[in-house]
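Have the model open and follow along.

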Amino acid sequence: MPRAETSHRSPPGSGSTASKADAPNISAALPFAFARDQQVLLEGGQLLTGPGATALGLREARRRAGQALQLNPQSQSGFEAALTRLYQQGDQGDSAAGLSFDLEDQAMGVVQRDLLEESEDAPVIQLVNTLLRRAVSAGASDLHVEPHEEGLRIRMRVDGFLQVVMDRSDVPVRKIVSRLKVMAGLDIAETRLPQDGRIPLRLGGRLIDTRVSSLPGKYGERIVLRILDRSVGLMSLENLGLRPSQAGLLQRLAALPNGIILATGPTGSGKTTTLYSLLQLANREERNIVTVEDPVEYDLPGISQSQINAEIGMSFAAGLRATLRQDPDVILVGEIRDAETASVAAQAALTGHLVFSSLHANGSVGAVVRLRDLGLDDFLIASTLRGVIAQRLLRRLCPDCKSAHTPTGSEAEYFTRHGLVVPDQICAPKGCNACENSGYAGRVGIFEMVEVTEELRQAIDDGVSETELKHQALSAADSLTGQGLGEVSAGTSSLAEVLRVVGDVV
């Protein structure tokens, strides 16, 4: 079982050393379910109360604190934020997190209890829920459950890298896999075919949506969970990591009356976040915005959102056709995967709609080649495509331990090859306790943006090659590699990270 967390964080503004040591114990004195239901919280010497605080909760909080408390009333949203802050940090330890997902409740369609609610469930249930809680608390994007010859390995992907959480031979592999399948509503009797499902979760009030995929293997079914934290919210253009000129270009594209705007990049590069930010820019009272997504990752106020369901024929193409009958001004199509969706999107753009979508391509100009591959004629691409955004995510160097040095000859060559000024110093990862010795903490986006001008439109219509289009549309500094090297010059990321993510393409 994963090691219980042992570090405790003192609440801000605590007084003496003794009070700082006692504060975590006071915070954890109330069980999570009791604090949530009775709307009372203990934080240091304060008693935080929600609008629905009960007399029972007040009496029990004062009794457990064993000291005079300062009353601090909160709004409902403020209370929920404090509840999340106090209980999701792991002060209870993983063993006390006891996630509860009763099978009977699941079958009856009852909403599951919170991830932090204490329970006396079976060891397998406790282990599965502890793993889920650990992945969500770490900000993991994926959780991998991988049976092998000697037992079971659990890994989670944080900042784009897989980390081993557990690798043991003494765990009941089949029971763990079955538990996850039951939670996701999958057929536990079917072990020969791949299956897909979802698990709605909560962690201290945070809404977590988990997409589950099972794949039969030699030593049992392999389960991968994609974790979507709905409480993170949408990012502003400033937080995306855009330069002022790039933010201005996005605002210009979002204000267009018609055409197609594409976001390209590999899975997990942040395409959906960028598209949602574009939707926020385009969201005005006089515009009708409709989306067709798989899945619906964030709730957007004032926007009609639909989810595809391929099993019943609700594909991206079918959903896009249906939205055209809803009098839309702006349409978001989650992904252009096939010729039918590409054709319908182009027709929608020709008939006066602004279409946002994502596409799998290596770069911004590569989107033109990909659309050609999907069967669109050059004249149709030229007349409908308005802009392309290619993006990647680089790991950000840990500010506490990154080390600076003068670039070597080979390192300086990367900058000169792309027409960039060689910086006096660049930084490299080192590793410390703050970043768990990885040398990195968080990620930053880099963007390659192309606006389809009249000259570029003519070149597309003439059917020129990707290489010629790239030389015409982008300078070396504006390419993904050039943008990445810019982050190296700024000390935000390392040269090794840029070469790993985008390579050294001129």
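Before we go inside, one term: a nonpolar core here is a set of buried Ala, Val, Leu, Ile, Met, Phe, Trp, Tyr and Cys residues joined through side-chain atoms within 4.5 Å. Keep in mind too that you're looking at a predicted model.

With that in hand, start at the largest nonpolar core, which has 36 residues. The ones with the most contacts inside this core are Ile260, Leu262, Leu385, Ile460 and Leu469. Helix 12, covering residues 339-350, gives the core its largest share, six residues. Click on Ile260 and look around: leaving out residues up to four places away in sequence, Ile260 touches Ala345, Ala346, Ala349, Val355, Thr384, Leu385, Arg386 and Gly387. Apart from this core there is another one, of 32 residues, and Val128, Leu132, Ala184 and Ile223 are among them. As a general point, nonpolar side chains in soluble globular proteins tend to be buried together.

Now zoom out for the overall picture. The protein has 19 helices and 18 strands, and 48% of its 506 residues count as buried. If you take contacts between residues at least 6 apart in sequence, 62% of them join residues at least 24 apart.

How many cavities of 30 Å³ or more does the structure hold? There are two. The largest cavity contains about 60 Å³ of space, and its lining consists of Ser364, Val365, Val368, Leu385, Val388, Val450, Val452, Leu456, Ile460 and Leu469. Strand 15 (385-397) and helix 16 (454-461) are the elements that give two or more residues to that lining. By class, the lining comes out as nine nonpolar residues, one polar and no charged. You've met some of these names already: Leu385, Ile460 and Leu469 are also among the residues with the most contacts inside the largest core.

The second largest cavity has a volume of about 40 Å³. Around it sit Val128, Leu131, Leu132, Leu143, Val145, Ile154, Ile176 and Leu180, and by class that makes eight nonpolar, no polar and no charged residues. Helix 6 (123-137), strand 4 (142-148) and helix 7 (173-183) each supply at least two residues of this lining, with the largest share, three residues, coming from helix 6.

Helix 17 (466-473) and helix 18 each give the lining at least two residues. By class, this lining is made up of six nonpolar, six polar and four charged residues.

Let's turn to helix 13, residues 366-373, where Gly366, Ala367, Val368 and Leu371 are buried. What covers them? The cover includes strand 10 (259-264), strand 14 (354-359), helix 14 (378-384), strand 15, helix 16 and helix 17. After helix 13 comes Gly375, with a positive phi near 105°.

Ser493 is in the loop between helix 18 (480-489) and helix 19 (495-501). Is Ser493 buried or exposed? Ser493 counts as buried because its relative accessibility is 0%. A polar atom of its side chain lies 2.9 Å from the backbone oxygen of Arg395. Not counting residues up to four places away in sequence, Ser493 touches Leu394, Arg395, Leu397, Cys427, Glu487 and Val488.

Asp159, in the loop between strand 5 (151-158) and strand 6 (161-168), has a positive phi of about 55° although it is not a glycine. Its relative accessible area is 24%, so Asp159 is partly exposed. Glu436 lies in the loop between strand 17 (426-428) and strand 18 (440-451); its phi is positive as well, near 55°, in a residue other than glycine. Glu436 counts as exposed because its relative accessibility is 65%.

Finish at Arg85, in helix 4 (residues 76-87). With a relative accessible area of 37%, Arg85 is partly exposed. Leaving aside neighbours within four places in sequence, Arg85 is in contact with Glu43 and Leu48.

Technical notes
Residues are numbered from 1 along each chain as its sequence is written. This is a predicted model: local features need pLDDT of at least 70, side-chain atom pairs count only at pLDDT 80 or more; totals for chains, interfaces and linings use all residues. Side-chain values use heavy atoms; hydrogens and water are left out. Buried means under 20% relative accessible area, exposed over 50%, partly exposed in between (1.4 Å probe, protein chains only). Helices (H or I, at least four residues) and strands (E, at least two) are DSSP runs, numbered from the N terminus. Contact means heavy atoms within 4.5 Å. A polar contact is a pair of N or O atoms within 3.5 Å; within protein, one must be able to donate a hydrogen and the other to accept it, and residues adjacent in sequence count only if both atoms are side-chain atoms. Ala, Val, Leu, Ile, Met, Phe, Trp, Tyr, Cys and Pro count as nonpolar, Asp, Glu, Lys and Arg as charged, and the others, Gly among them, as polar. On a 1 Å grid over the protein atoms alone, a cavity is a set of points where a 1.4 Å probe fits but cannot get out, and a pocket is an open set with protein on both sides within 12 Å along at least five of seven lines; lining residues have an atom within 4 Å of a point. Grid points are joined across faces, edges and corners, and a volume is the space filled by probe spheres set on the points.
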